[in-house]
Amino acid sequence: MRSLEALTLDQVVDTARYPLPELASARGEAVVARARRDLSALGCTVLPDFIRPELRDVLRQECAAIAPRAHHDVETVNVYNIAVDSALPEDHPGRTTFERGNAFVARDRIPADSLISRLYSDTVFRQFIARCFELPELHELADPLSGLVLNVVAPGMEHPWHFDTNEFTVSMLTQQARDGGVFEYCPNIRTARDENFDDVRDVVNGRGERLTRRLPLQPGDLQLFKGRYSLHRVSPVRGEIARHSAIFAYSERPGVIGSVERTRQLFGRVLPEHLAAEGRAVRGDRLLD
């Protein structure tokens, strides 16, 4: 095998199955069409074995090596990531709280020559993601910390029920937990116009089995997800092996930088770029969060 520095996209991705450089071909169009159907119907699609088998152990080892650089924090949260003491009606689902104990390695602590870094910055990969989400183009985040992150869920911890701030999420499992750590989600449980508090309340109070799907993800699988409208979580991790996943964050517009509050919450620090950009964010809907 060639050195990692010399590997090209088609040596990292199984392009026989996922022909990223030839999306206009019949096979390429079929892959994109399937992803679009899944995203429309279920808010999620999984591209299994996206990374070539011979590189999956490299993927795991690289991410395991940087996992100790994660910022760890345990917080009491609700599904909307708003203050838990907010003035909400008595039966509001935001009144149900969870302990969140996951951690993130920021982009500036992920080596630029790692597989996930080179995949994140690859133009052809980004164009493929945009096609799947039916968007004209996508941009890397200008945020020096949150564009690409490694999510670490340690044994005994979980990432409880929540909604994403972004409309779409791109992620890849790089290390499985020995037990637990299952991705669970409720497809399209809300819309940009309807919070659907009744169903959300059922899920967070343990009565949402009818609304919940579970994904048996494997290392090297690529997951595309509309997390703005689909409530989701990573179930508690058990055993002695942490769950690791890379999160590739893109935006429909250039120059996007995270808020000071959210950045400090995720990474325990902010940079001058965050302070300079504070107050410039524009929201596309009026959902609670």
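Gln 175 touches Arg 60, Ala 64, Ile 241, Ala 242, Arg 243 and His 244, leaving aside residues up to four places away in sequence. Contact here means heavy atoms within 4.5 Å. This is a predicted model, in which local features need pLDDT of at least 70 and side-chain atom pairs count only at pLDDT 80 or more, while totals for chains, interfaces and linings use all residues. Residues are numbered from 1 along each chain as its sequence is written, and side-chain values use heavy atoms, with hydrogens and water left out.

Gln 175 belongs to strand S9. Helices (H or I, at least four residues) and strands (E, at least two) are DSSP runs, numbered from the N terminus. At 11% relative accessibility, Gln 175 counts as buried. Buried means under 20% relative accessible area, exposed means over 50%, and partly exposed lies in between (1.4 Å probe, protein chains only). A polar atom of the Gln 175 side chain lies 3.0 Å from the backbone oxygen of Ala 242. A polar contact is a pair of N or O atoms within 3.5 Å; within protein, one must be able to donate a hydrogen and the other to accept it, and residues adjacent in sequence count only if both atoms are side-chain atoms.

The protein chain as a whole has eight helices and 17 strands. Its C-alpha trace spans about 60 × 40 × 40 Å along the principal axes. A compact globule of 289 residues would have a radius of gyration near 19 Å, and the protein chain agrees with 19 Å. The radius is taken over C-alpha atoms, and the globule rule is 2.2 Å times the number of residues to the power 0.38. Buried residues make up 51% of the 289 residues. Among contacts between residues at least 6 apart in sequence, 84% join residues at least 24 apart.

Seven strands form an open sheet. Their order is S1-S13-S9-S16-S7-S5-S2, and the pairing is antiparallel. Strands S1 (44–47) and S2 (71–72) stand at the edges with a single partner strand each, so one side of each is left without a neighbour in the sheet. Two strands pair if DSSP finds at least two bridges between them. In general, strands of a sheet pair through backbone hydrogen bonds, either parallel or antiparallel.

Strand S13 (222–225) pairs with S1 in the antiparallel sense over four bridges. Thr 45 has Leu 224 as its bridge partner in S13. Four bridges also join S13 to S9 (residues 169–175), again antiparallel. There, the bridge partner of Thr 169 is Phe 225 of S13. From S13, Leu 222 and Leu 224 point one way and Gln 223 and Phe 225 the other way. All four of these residues are buried. Further along the sheet, strand S5 (residues 102–105) runs antiparallel to strand S7 (residues 148–153), with four bridges joining them. Ala 103 has Val 152 of S7 as its bridge partner.

Helix H2 (residues 26–42) lies across S1 and S13, running at about 145° to S1. Axes are lines fitted to C-alpha atoms, for helices over the stretch in contact, and angles run from 0 to 180 degrees between N-to-C directions. Glu 29 is found in H2. At 44% relative accessibility, Glu 29 counts as partly exposed. Glu 29 touches Leu 23 and Ala 24, not counting residues up to four places away in sequence. The C-alpha atoms of Glu 29 and Tyr 18 are separated by 10.0 Å, at 11 residues apart along the chain.

In helix H7 (residues 260–267), Val 260, Thr 263, Leu 266 and Phe 267 are buried. They cover an arc of only 140° around the axis, which puts them on the same side of H7. The arc is that of the directions from the helix axis to the C-beta atoms. The cover over the buried residues of H7 includes S2, S5, S7 and helix H8 (272–277). Just after H7, Gly 268 takes a positive phi of about 75°.

Most residues other than glycine have a negative phi. Glu 134 has a positive phi of about 60° although it is not a glycine. Glu 134 sits in the loop between helix H5 (123–132) and strand S6 (139–140). At 53% relative accessibility, Glu 134 counts as exposed. Asn 196, also not a glycine, has a positive phi of about 55°. Asn 196 is in the loop between strand S11 (183–186) and helix H6 (197–204). With a relative accessible area of 22%, Asn 196 is partly exposed.
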